[in-house]
Amino acid sequence: MNGSPDLWARWGSFGAYDARGMKGGEALILELNRIVHSSGIASPVTSRRGLTARLRYLDSGAGRAALKEQGVAPRTIRAWMSNKGKTAPTSASREKIDAAYWHRRRDNLIRSGWLTRHLDNEGRGSSMEIYPVDTARTAPEHVRPGISQRTVTVRYIWGDLVDAWARKDAVTVDEIWDDVITDLDSDYNAYAYVSAVGISA
């Protein structure tokens, strides 16, 4: 990480005393995924409404390409598009449709710049809740004192973060997480690992 201390070294042997958590960068990735999913079609692909909505969304050259990437044959795609869910695909096929839908949804939100604009909030940033690692199973003598849930307003990182997330560049996401936690206090190393983060967006 460009000379930054190794995250495991910050916590010593992380997990050795039953602390439960993940890298802050991993938590950021999961939260961005959640935001994308919360902005999409709410009805599940197992319902006719959800299936039809996904097929309509995928009814384009790029959408068909996304289905082909999931292993769907062109003839099958044509059949699905012609009946728009009137004939129910198999459970395995619905999973492929759902995966293709979320792939296209993710790409469209990135390409349009919506996700970055949404998080940047016209320069005002977004509020982020940082949940420390779970030490419920850790013996008291091994619990780091003074670690609590923190709430910070995060600005300026969103364009770089979304770009790194879009490239699936976990190393850069980790570096961006470093930027976030260095604004906390002198004990920022305690937040190298977290149980989760939540972004108010």
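## Salt bridges, sheet and core

User: How many salt bridges turn up if you search the whole structure?
Analyst: Seven salt bridges come out of a search of the whole structure. Keep in mind that this is a predicted model.

User: Ok, pick one. Which residue does D174 meet in a salt bridge?
Analyst: The side chain of D174 meets that of K23, with 3.6 Å from N to O. This pair links distant parts of the chain: D174 sits in helix α9 (residues 170-181) and K23 in strand β1, 151 residues apart.

User: Is D174 buried or exposed?
Analyst: D174 counts as buried, because its relative accessibility is 10% and the cut-off for buried is under 20%. K23 has 22% relative accessibility, so K23 counts as partly exposed.

User: Switching topic. How many helices and strands does the chain have?
Analyst: There are nine helices and four strands in the chain. Going along the sequence, you'd read the pattern as α-β-α-α-α-α-α-α-β-β-α-α-β.

User: In what order do the strands sit in the sheet?
Analyst: The order is β1-β4-β2-β3, and the four strands form an open sheet with antiparallel pairing. β1 (22-23) and β3 (150-154) are at the edges with a single partner strand each, so one side of each has no neighbour in the sheet.

User: How many bridges hold β1 and β4 as a pair?
Analyst: Two bridges, with β1 and β4 (residues 193-199) pairing in the antiparallel sense. M22 has V194 in β4 as its bridge partner, and K23 has Y193 in β4. K23 is also the residue whose side chain meets D174 in a salt bridge.

User: What about β2 and β4? How many bridges there?
Analyst: Five bridges, again antiparallel. Among them, Y131 has A196 in β4 as its partner, and M128 has I199 in β4. On the other pairing, β2 and β3 are joined by five bridges and run antiparallel, with R150 in β3 as the bridge partner of I130.

User: Which β2 side chains point to the buried face?
Analyst: S126, M128, I130 and P132 point to one face and are buried.

User: Which helix lies across the strands?
Analyst: Helix α2 (residues 24-38) lies across β1, β2 (126-132) and β4. Helix α2 runs at about 30 degrees to β4.

User: Now the core. Which residues touch the most other members?
Analyst: In the largest nonpolar core, which has 45 residues, L67, M128, I130 and W177 touch the most other members.

User: What does L67 touch?
Analyst: Leaving out residues up to four places away in sequence, L67 touches L58, V72, I77, W80, M81, K96, I97 and A100.

User: W80 is in that list. Where is W80 found?
Analyst: W80 is found in helix α5 (residues 74-83). W80 is buried, because its relative accessible area is 8%. W80 and L55 are 25 residues apart in sequence and 7.5 Å apart in space, C-alpha to C-alpha.

User: Last one: what percentage of the chain's residues count as buried?
Analyst: Of the 201 residues, 39% count as buried. The chain exposes about 10800 Å², and carbon and sulfur atoms supply 48% of that. As for contacts between residues at least 6 apart in sequence, 76% join residues at least 24 apart.

Key. Residues are numbered from 1 along each chain as its sequence is written. This is a predicted model: local features need pLDDT of at least 70, side-chain atom pairs count only at pLDDT 80 or more; totals for chains, interfaces and linings use all residues. Side-chain values use heavy atoms; hydrogens and water are left out. Two strands pair if DSSP finds at least two bridges between them. Contact means heavy atoms within 4.5 Å. Axes are lines fitted to C-alpha atoms, for helices over the stretch in contact, and angles run from 0 to 180 degrees between N-to-C directions. A nonpolar core is a set of buried Ala, Val, Leu, Ile, Met, Phe, Trp, Tyr and Cys residues joined through side-chain atoms within 4.5 Å. Buried means under 20% relative accessible area, exposed over 50%, partly exposed in between (1.4 Å probe, protein chains only). A salt bridge is a side-chain nitrogen of Lys or Arg within 4 Å of a carboxyl oxygen of Asp or Glu. Accessible areas come from the Shrake-Rupley method with a 1.4 Å probe; for residues, only the protein chains shown count as cover.
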